[in-house]
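I set out these notebook entries for a reader who is new to this structure. Each entry records what I looked up and what I found.

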Amino acid sequence: MKTFTKLAFLGIFAATGIVIAGATAAQDAPAKVADLEITSAFTKAMLPGQPVGGGYLTIKNTGKADDMLVSVSSPASGTVEMHEMAMQGQVMKMRKLDTGIAIPAGKTVELTPGGLHLMFIKVKEPFKQGSKVPVTLTFEKAGKVDITLPVEAAGPGGHEHK
Ligand SMILES: [Cu+2]
């Protein structure tokens with residue numbers, strides 16, 4: 001019986017360990033607010049002297065009403081803007097989206113390098129690989145949701161500004 005008791009305790013500890021590990025990993029798990037699901041959020045490590053950084057994520061609207069991402073903020077930067085990259089003739093240009101990013105009912109909107117993206121401006125400290133950047137998204141209908149963007153390696157395909 002003693003052995004059984006010990007094993008039972010070990011089992012509980014093992015289970016607790018898994019729960020804790022699960023809770024840590026859950027920070028990057030999909031975030032939900034109302035009918036919106038946010039996944040694949042990340043940013044990239046910033047090079048020394050780089051003044052701005054890009055933020056990327058996927059927003060799925062599982063509801064029947066259109067919504068809109070109207071503002072974004074982060075304690076890690078002075079301002080977060082919503083931008084769009086698009087070819088104008090031969091040149092890739094960036095445009096600030098003042099009214100926000102539409103998230104139509106039943107649709108998935110991806111913010112990716114080279115397309116729609118978040119732009120961290122007046123970044124307080126360059127983002128370091130392996131850290132996380134907290135971000136608050138505000139939607140017109142769904143309201144606010146806090147997410148974290150894991151910082152991935154800097155490199156090609158990242159956000160480039162001149
Ligand atoms: Cu930009």
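**Entry 1: an aromatic pair**

Are Phe120 and Phe127 buried or exposed? I looked up both residues in this predicted model, and both Phe120 and Phe127 are buried.

I then asked how many aromatic pairs the structure holds. I found 2 aromatic pairs. In one of them, the rings of Phe42 and Tyr56 have centres 5.0 Å apart and planes at 40°, so I recorded this pair as tilted. Phe42 belongs to strand β2 (residues 36–44) and Tyr56 to strand β3 (residues 53–61), so the pair ties together parts that lie 14 residues apart in sequence. Phe42 is buried at a relative accessible area of 17%, and Tyr56 is buried at 0%. Phe120 and Phe127 also pair: their ring centres are 5.2 Å apart and their planes stand at 85°, so this pair is edge-to-face.

**Entry 2: the chain as a whole**

I next turned to the overall layout. The protein chain has 1 helix and 11 strands. Read from the N terminus, the order of elements is α-β-β-β-β-β-β-β-β-β-β-β. Of the 162 residues in the protein chain, 36% are buried. I also looked up the contacts between residues at least 6 apart in sequence, and 68% of them join residues at least 24 apart. The accessible surface of the protein chain is about 9800 Å², and carbon and sulfur atoms account for 60% of that surface.

**Entry 3: backbone angles**

Here I noted residues with a positive phi. Ser40 has a positive phi of about 55° although it is not a glycine, and I located Ser40 in strand β2. Lys122 likewise has a positive phi of about 55° without being a glycine. Lys122 sits in strand β9 (residues 117–123) and is exposed, with a relative accessible area of 59%.

**Entry 4: the surroundings of Thr58**

Which residues does Thr58 touch, not counting residues up to four places away in sequence? I found Glu37, Ile38, Thr39, Ser40, Thr108, Val109 and Glu110. Thr58 itself lies in strand β3 and counts as buried, at 13% relative accessibility.

**Entry 5: salt bridges**

How many salt bridges does the count come to? I recorded 4 salt bridges. One of them joins Lys96 and Glu81, whose closest N and O atoms are 4.0 Å apart. This pair links distant parts of the chain, with Lys96 in strand β6 (residues 91–96) and Glu81 in strand β5 (residues 77–88), 15 residues apart. Lys96 is partly exposed at 44% relative accessibility, whereas Glu81 is buried at 19%.

I then looked up Glu84 and Arg95, whose side chains meet in a salt bridge at 3.0 Å, N to O. This pair also links distant parts of the chain: Glu84 is in strand β5 and Arg95 in strand β6, 11 residues apart. Glu84 is partly exposed at 24% relative accessibility, and Arg95 is partly exposed at 47%.

The side chains of Lys96 and Asp98 form a further salt bridge, at 3.2 Å from N to O. Asp98 is exposed, with a relative accessible area of 62%. Which residues do salt bridges that share partners join into one network? I noted Glu81, Lys96 and Asp98 as its members.

Methods
Residues are numbered from 1 along each chain as its sequence is written. This is a predicted model: local features need pLDDT of at least 70, side-chain atom pairs count only at pLDDT 80 or more; totals for chains, interfaces and linings use all residues. Side-chain values use heavy atoms; hydrogens and water are left out. Helices (H or I, at least four residues) and strands (E, at least two) are DSSP runs, numbered from the N terminus. Buried means under 20% relative accessible area, exposed over 50%, partly exposed in between (1.4 Å probe, protein chains only). Contact means heavy atoms within 4.5 Å. Accessible areas come from the Shrake-Rupley method with a 1.4 Å probe; for residues, only the protein chains shown count as cover. Rings of Phe, Tyr and Trp (its six-membered ring) pair if their centres lie within 6.5 Å; planes under 30 degrees apart count as stacked, over 60 as edge-to-face and the rest as tilted.
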